[in-house]
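Open the model in your viewer and keep the selection tool ready.

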Amino acid sequence: MKYSFIIPVFNRPSEVDELLESLCAQTLRSFEAIVVEDGSQVPCEDVVKKYADRLDVHYFTKENSGPGQTRNYGVERAKGEYVLILDSDVVVPPDYLAAVDAELTREPCDAFGGPDRAHPSFTPMQKAINYAMTSFFTTGGIRGGKKKLDKFYPRSFNMGVRRETYLDLGGFSEMRFGEDIDFSTRIFKSGARCRLFPEAWVWHKRRTDLKKFFKQVHNSGIARINLTKRHPGTLKLVHLLPAAFTVGLALLLLAAPLCPWSLLPIGVFAVLIGTDATLRERSLKVGLIAIAAALVQLTGYGTGFLRAWWQRCVQGKGEFEAFRKNFYK
């Protein structure tokens with residue numbers, strides 16, 4: 001067998017249902033699917049059983065240990081030459097696996113990843129959040145574009161790795177956030193080849209409200225400092241921009257009572273985001289929500305980055321000590 005899909009899940013049976021249904025529609029059928037329940041209170045076992053006669057699907061349960069360790073658990077039980085890591089909140093188009101297979105046939109590699117998109121059926125909020133995570137204006141334009149085909153850091157929502165390479169590197173670390181970038185970085189450091197497969201994209205539902213979205217990107221900002229500590233020299237200018245934006249936004253708002261003109265840059269930013277999102281999604285409603293989503297994306301990441309910088313770099317706390325209450329309950 002050449003391919004094994006690895007699907008970690010935590011309290012999301014309805015999402016697993018949609019994902020497995022999309023796997024049933026794959027034009028290339030030589031694969032197995034491994035669903036690993038990470039200590040869920042709302043299990044998806046009954047959902048998985050529905051597909052037993054349509055898919056080569058295997059269901060496992062384990063105590064909660066986070067997504068990285070849950071993926072490792074699934075890979076250890078996989079039979080495929082390549083393991084395809086998917087988050088439970090994605091849906092794959094019918095030609096997804098065929099696109100992966102075509103790329104590997106054309107130019108083999110050890111690891112790869114693909115882009116994500118918003119499905120037309122997604123809610124305006126989901127489309128706005130997708131815009132915020134993929135727009136050039138919010139530093140998200142590097143996520144799976146046509147550039148950097150041979151220097152691409154795949155994310156765990158859509159990642160493939162040769163199983164032998166995965167096991168040699170020890171799989172995902174114990175990090176609760178940023179574990180996919182940590183793994184991708186270790187792949188490059190090992191000398192293995194990792195590429196972007198532009199046509200192997202998935203529909204990614206992401207978060208459904210701005211509060212959950214803020215928490216997600218805030219944790220990503222924290223993870224960037226943790227990744228920098230683990231892999232010195234990996235911090236780039238683009239990683240600093242949300243923190244700079246957050247500080248600048250705070251200063252402009254503080255200055256507003258004395259100088260109303262200080263709000264002008266914020267207004268220009270809002271018009272730019274709103275117009276671009278409206279044109280891209282062909283929806284004024286999405287464009288308006290995207291303004292809020294973009295602000296949440298930048299300030300959420302920025303505050304997480306600054307918080308982690310203070311605790312890790314200034315106070316000198318360790319990765320687990322600093323965020324034990326947040327990530328390691």
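Is Phe137 buried, partly exposed or exposed? Select Phe137: its relative accessible area is 33%, so it is partly exposed. Buried means under 20%, exposed over 50%, partly exposed in between (1.4 Å probe, protein chains only).

This is a predicted model: local features need pLDDT of at least 70, side-chain atom pairs count only at pLDDT 80 or more, and totals for chains, interfaces and linings use all residues. Residues are numbered from 1 along each chain as its sequence is written, and side-chain values use heavy atoms, leaving out hydrogens and water.

Phe136 is exposed, at 69% relative accessibility. The two rings, Phe136 and Phe137, form an edge-to-face pair, with centres 5.7 Å apart and planes at 75°. Rings of Phe, Tyr and Trp (its six-membered ring) pair if their centres lie within 6.5 Å; planes under 30 degrees apart are stacked, over 60 edge-to-face, the rest tilted.

Next, select Tyr166 and Phe183. Here too the pair is edge-to-face, at 5.1 Å between centres and 80° between planes. Tyr166 is buried at 1%; Phe183 is buried at 0%.

Now pick Tyr3, Tyr82, Phe112 and Phe197. Ring pairs link these four into a cluster. The whole structure holds 14 aromatic pairs.

Move to Arg71. Its charged end sits over the ring of Phe172, 4.7 Å from the centre. At Arg77, the charged end sits over the Phe60 ring, 5.9 Å from its centre. The test: NZ of Lys or CZ of Arg within 6 Å of the ring centre and within 35 degrees of the ring normal.
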